[in-house]
Amino acid sequence: MATMNMIQALNDAHKVAMRADEDIVVFGEDAGYFGGVFRVTEGLQKEFGKTRAFDAPISEGGIIAAAVGMAAYGLKPLIEIQFADYIYPGYDQIVSEVAKMRYRTGGEWTMPMVIRTPYGGGIFGGQTHSQSPESLFTHIAGLKVVIPSTPHDAKGLLLAAIADPDPVIFFEPKRIYNGPFDGHHDRPVTPWAKHPASDVPDGHYTIPLGTAKVVREGEALTLLTYGTMVHVSLAAVEENGVDAEVIDLRSLVPLDLETIEESVRKTGRCLVVHEAPRTSGFGAELVALVQERCFYHLESPVERVTGWDTPYPHAYEWAYFPGPKRMKKALEKVMAD
Amino acid sequence: MSDKDPEATRANRPVLELHVPEPRYRPGDTPDFSNIVIPAAGSASRPDPSVTAAQTHPLATDLVRVLGDDDQAHGPWDPKIDPDTLRKMLKDMVTVRVFDDRMYRAQRQGKTSFYMKCTGEEAVAIAAAAALDRDDMHFPSYRQQGLLIARGYPLTTMMCQIYSNAGDPLKGRQLPIMYSDKAHGFFSISGNLGTQFPQAVGWAMAAAIKGDHRIAMGWIGDGATAEGDFHSAMTFAAVYNVPVILAVVNNQWAISSFSGIAGAERATFAQRAVGYGIASLRVDGNDALAVYGAIKWASERARANNGPTMIEFFTYRAEGHSTSDDPTGYRPASEAKAWPLGDPVERLKAHLIALGEWDDERHSALAAQCDVEVRAAQKEAEKLGILPQQGKDNIESMFEDVYAEVPWHLAEQRAAALAEAKDK
């Protein structure tokens, strides 16, 4: 067991996996010698050599296409797209090739790869370093979509993603790489070391994809969330004195419906929280599922807390971000009558 | 298909090896660039701008240089610029450098979130602005702030953009330095690399469709030439014989990746034009006269319907990629000093002195004047606020310009955001 921040935990997962499996190759922009702009791949080139951890040209389409070829050969690409906002030149390769390969070849060719990419705002990154595009991937049949919220889960989920026989888009909430975030941007940042989930077991362990985690048990309402918003939500329910059951989904596809249903049936109320824009966000899917499956248990309409349907605005970051005020209002609304 | 057992035929073959490019020097090394071939100033031939693309291709591996070690202009590429224009270019370059230093410091002081300098690369944008017409259109990358400065865009407005304040024409929406100004022929900068390169081609196609006289210039870095958009730009430019100048600013580094990761170990960037049948020049990017001469040549070619030109400007990124980058983690700190093509500001200054049109005293006075102007602009800009004070007023502006008209769902969200802002 060691105390780690999320970057260190992800780095450790790389090392554990790469030591055990020589077929894993890591590449991405600045991901080789330098170890990535967020340092997640630091030291990999030194330990595993230049042909297993290397710098890629600035070509996201090329990075993902090359990974397709490598996976076709039999390797397991574990690749980095520097920011989720940069993934779009590779979108055709992901949507048309990576996602559909197993299906279109009747299982002859498969794509066991992990595409890691930092996402989300709260770092004054403007519109090209802040987006949360998870729903562009959850909508694509054939892809799995995973989002950790703690160092402990980041390592276990990444190791599970690497072991998975299908392609996984692994979104890393960059705002909480170095410490959890309660949504109060004007307060000092707390390091991970003060959070129990910074205890990261040594060696290999996995958190199965499709298992949500109840991070706070409660009776009053069920709060469904993931990534950075897990911590913002936890702080909000404490601040507002709501006995919410907070569920960190951890993986959007596959989704742990059982945990969600069980909780909503118990509480009778549900709030869905994500940073991504509202329209066609993953929250819409969650709301639909909850009403389809738990309608007769619901005591109030299911609400959503989300980012606005605008590009991520640089100076207006904290007016855009779904912070404590938006949380408070939604909690009150779901709890009314 | 051979009937032979593949295993049997392989016995004498070497095992395959993956080559991963590595820069010559890493932190701790002493850089020595004596391997870089630097032809004498004035040695490159200058074909007529109407020649076929193929006739330019020997220049794709050459290096067009005008300013010699004697600080004089040499050879057929000397654009023979009058001293007043040279002094204007020098002033613009000094202004860019002072501006960069002030804004870098402003970021470090917490006045904004981000900044990018172009130190060591000032000549390319300043000479481009001088060589092209005022109404030609630029599709820049994020290191051509010199275009705006040379075209007289107010320094204060640039700073207001950097501070996202009340004077920011982009309404606080864009990351610092992602300027945009139609009136100054400066297309909106994108944080997504390379997108502007084929867009420049499209603008120039439109000018040709409409029988216009204005041409376009697209800019890209060495690293971003790896993007698919680079190929799209080159293909469209070649197919439609587009009146566009496509500039690759090869400053050797793409954050931590040296130019070899973009293919520079195999061919010059200028050589990429060969396969597309596009005229190509490789130019000393730290030589303002050579840059000017090359762009003038390409503009004459484009204006006479003789087609596009790709130009590689060979230069060096003397500082970090941005305020978020520390280059000492991947390259020797002394590389910029060891760079064999010198400093573009110093070279132009020395040339003016050699012409008898400048002296150290006047240069000191110029530097002081630029400093005063930049500081004054900064003071003006800061009166309108710095980033940490922004994002609280005029919240409704966040919902404007998403569409021409605000749709019902954004109107609803705008009302919610305004209520949220009032809520204590």
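These legends go with a set of close-up views of a predicted model.

**View 1**
Taken along the principal axes, the box filled by the C-alpha atoms of chain A is roughly 60 × 45 × 40 Å. Buried residues make up 59% of the 337 in chain A. If you look at contacts in chain A between residues at least 6 apart in sequence, 77% of them join residues at least 24 apart.

**View 2. Where chain B meets chain A.**
Here 39 residues of chain B are in contact with 36 residues of chain A. On the chain B side, helix α14 (residues 408-422) gives the largest share, with six residues. Sort that side of chain B by residue type and you get 19 nonpolar, 16 polar and four charged. As for confidence, the predictor puts the complex at an ipTM of 0.92 and a pTM of 0.95. Chain B itself has an average pLDDT of 96, and 99% of the residues score at least 70.

**View 3. The largest nonpolar core, seen around B:Val291.**
This core has 228 residues. Those with the most contacts inside it are B:Ile126, B:Ala127, B:Ala128, B:Val244, B:Val291 and B:Ala294. Let's zoom in on B:Val291: leaving aside neighbours within four places in sequence, its contacts include B:Ala123, B:Val124, B:Ala127 and B:Ala128. B:Val283, B:Gly285 and B:Phe313 also touch B:Val291.

**View 4. Strand β7 of chain B, covered on both faces.**
Strand β7 spans residues 309-314 of chain B, and six of its six residues are buried. B:Thr309, B:Ile311 and B:Phe313 sit on one side, with B:Met310, B:Glu312 and B:Phe314 on the other. Strand β6 (residues 279-284) of chain B runs parallel to β7(B), and six bridges join them. In this pairing B:Val283 stands opposite B:Phe313, and both of these residues are in contact with B:Val291 from the previous view.

**View 5. Strand β3 of chain B and its strand partners.**
Strand β3(B) is largely enclosed by the rest of the structure, because seven of its seven residues are buried. B:Val244, B:Leu246, B:Val248 and B:Asn250 point one way, while B:Ile245, B:Ala247 and B:Val249 point the other way. Strand β3 (residues 244-250) pairs with β7(B) in the parallel sense over six bridges, and B:Ala247 has B:Ile311 as its bridge partner in β7(B). Strand β2 (residues 216-221) of chain B also runs parallel to β3(B), joined by six bridges.

**View 6. Helix α6 of chain B and what covers it.**
Seven of the nine residues of helix α6 (residues 155-163) of chain B are buried, so α6(B) is largely enclosed by the rest of the structure. The buried ones are B:Leu155, B:Met158, B:Met159, B:Cys160, B:Gln161, B:Ile162 and B:Tyr163. Their cover includes α3 (83-108), α5 (145-150) and α13 (360-383) of chain B. Just after the helix, check out B:Ser164, which takes a positive phi of about 50 degrees.

Key: Residues are numbered from 1 along each chain as its sequence is written. Chains are lettered from A and ligands numbered from 1 in the order in which they are written. This is a predicted model: local features need pLDDT of at least 70, side-chain atom pairs count only at pLDDT 80 or more; totals for chains, interfaces and linings use all residues. A nonpolar core is a set of buried Ala, Val, Leu, Ile, Met, Phe, Trp, Tyr and Cys residues joined through C-beta atoms within 7 Å. A residue is buried if 20 or more other C-beta atoms lie within 10 Å of its own, exposed if 12 or fewer, and partly exposed in between; C-beta atoms are placed from the backbone. Two residues are in contact if their C-beta atoms, placed from the backbone, lie within 7 Å. Helices (H or I, at least four residues) and strands (E, at least two) are DSSP runs, numbered from the N terminus. Ala, Val, Leu, Ile, Met, Phe, Trp, Tyr, Cys and Pro count as nonpolar, Asp, Glu, Lys and Arg as charged, and the others, Gly among them, as polar. pLDDT is the predictor's confidence in each residue, from 0 to 100. Two strands pair if DSSP finds at least two bridges between them.
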